[in-house]
Amino acid sequence: MKNSFQLFARRVRSDWFFQYKAMRMAVDWVIAIYFVIPLIIVAGYQYYSWWVAQPSWFSWISLFMIGTAFYVFTWLGTIRYFVEEGDQLFLRQNRRWFQHLMRLGHRYSLMLQGITTLLLMLVFLPLLVQAYGFRAPQLIALWLITYLLKINLGLLRQLVALRMQGILHWMLRIVAFAGLFFVYQKLVTAVSQDALYIWAVHLLLLVLAVYLSKVRLQEKGAFFADIARERDSRMRIVSLMLIRVTERKRKPKRKRPLLFKNSQRLFKGKGAGNGIADLLVKSFFRNGTQWKQTIQFAALISAAMFIMPGPLKITIWIVAACALVFWRKSFCKDELRTPFLTLFPIQDTEKHQALQLSTPILVLPALILISLCMGISFFTWWGPVLMVGAAFPLAYGTSSVFTSWY
């Protein structure tokens, strides 16, 4: 390499080629011809039809829901610097090359995030123009505020992660996520109303982004964190495809579990199916990762119930139940493939029986919470009672459908 720019260009080409090969692993020519290409054609036609005539369901989607989608997008992605492990041997000795490489990676990430923000705007463009009457200045203002907030959040998350670890770090992220959500919703409303102060907010976010970029590029002791972040970004597509085939490492955190300490039987009756069902239920409720992901999912769907129109709530409620059943079924099947259980000659019929017994029990806690919030959103005394009661047949019904095959 003659200069640092050629090194950066080589690493970018290598990254794009790696992502292309990863996509080729999932999308061969058969899938492309019979699924991807028809899907693109249908999606393109639907997008064109939205411009020709406004669909009736556009009225179901509020500006608050659009702002929520945009806000979640601002928390996705990261700022990359294209550093590698081998750089500590040679490249870091040449400080000028290393700093230039990081600046080029930073600028490349900013450009890429601007493009992805623009693509998101294009997806929602018919809805914003047809239903809410956004004009060109408003669209530019919404793009700018989303793009600048995404940059600032990406830089702030990196700086906070370098200075904080553990539960304090995650508590700060949760508080920041909740607080900035309402601030962003206010800004989206201001954009829709042509508020003049929104341009001052743009200037403030731009100055903050420049300052945070300078601080981040001069940060000491971030080399190994940048390597880990670069590895995760490079493997993002491959990790999605391999998530079901990689073996999960178990790290017990306490000698005695918080739930089911005495290992009491949950299902009465004899047979391997009942015993395995006990194991699946206890394994799920003792898994902290599953609990954390379940709480996040239930909280998100429950909050959405308060902002969605009535007919759409029922649809999301049923879809959430199906998603929970599929999620629990996948967890149970992964548990049944653990090395310990494979030591025993368990028949598939017994595994299927355990799956049918345990899945509704695993679905009910999250579904009851979602149903309760949905009932409260109706603002009637009978809403919570009716929806919590309906959660039980929905859980058992969807579980019966999805576990009808092993």
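**Entry 1: the largest cavity.** I looked up the largest cavity and found that about 30 Å³ of space lies in it. Here a cavity is a set of points on a 1 Å grid over the protein atoms alone where a 1.4 Å probe fits but cannot get out, and lining residues have an atom within 4 Å of a point. Grid points are joined across faces, edges and corners, and a volume is the space filled by probe spheres set on the points. My search of the whole structure gave 1 cavity of 30 Å³ or more. The model is predicted, and local features need pLDDT of at least 70, side-chain atom pairs count only at pLDDT 80 or more, and totals for chains, interfaces and linings use all residues. Residues are numbered from 1 along each chain as its sequence is written, and side-chain values use heavy atoms, with hydrogens and water left out.

I noted that Leu63, Ile66, Gly67, Phe70, Leu128, Phe134, Leu142, Tyr184 and Val188 line this cavity. Helix H3 supplies 4 residues, the largest share of the lining, and H3 and H6 each supply at least two; helices are DSSP runs (H or I, at least four residues) numbered from the N terminus.

Entry 2: A pocket is an open set with protein on both sides within 12 Å along at least five of seven lines. I found about 1,500 Å³ of space in the second largest pocket, which 35 residues line, with Val72, Phe177, Gln296, Ala299 and Leu300 nearest its centre. Which helix gives the largest share of this lining? That share is 9 residues, and it comes from H6. By class, the lining has 29 nonpolar, 3 polar and 3 charged residues.

**Entry 3: helix H6.** I then followed H6, residues 166–192, which has 27 residues and reaches 39 Å from its first C-alpha to its last, close to the 39 Å expected at 1.5 Å a residue; the expected span is 1.5 Å times one less than the number of residues. Among its buried residues (under 20% relative accessible area with a 1.4 Å probe, protein chains only; exposed is over 50% and partly exposed in between) I listed His169, Phe181, Tyr184 and Val188. What covers the buried residues of H6 includes H3, H5 and H7. Just after H6, Asp194 takes a positive phi of about 60°.

**Entry 4: aromatic rings.** I noted 22 aromatic pairs in the structure; rings of Phe, Tyr and Trp (its six-membered ring) pair if their centres lie within 6.5 Å, and planes under 30 degrees apart count as stacked, over 60 as edge-to-face and the rest as tilted. The rings of Trp57 and Phe58 have centres 4.9 Å apart and planes at 85°, so I wrote this pair down as edge-to-face. Trp57 is partly exposed at 34% relative accessibility, whereas Phe58 is buried at 3%. I also noted that Phe64, Tyr71, Trp75, Phe177, Phe181, Phe182 and Tyr184 form one aromatic cluster.

Key
Nonpolar A, V, L, I, M, F, W, Y, C, P; charged D, E, K, R; others polar. Contact = heavy atoms within 4.5 Å.
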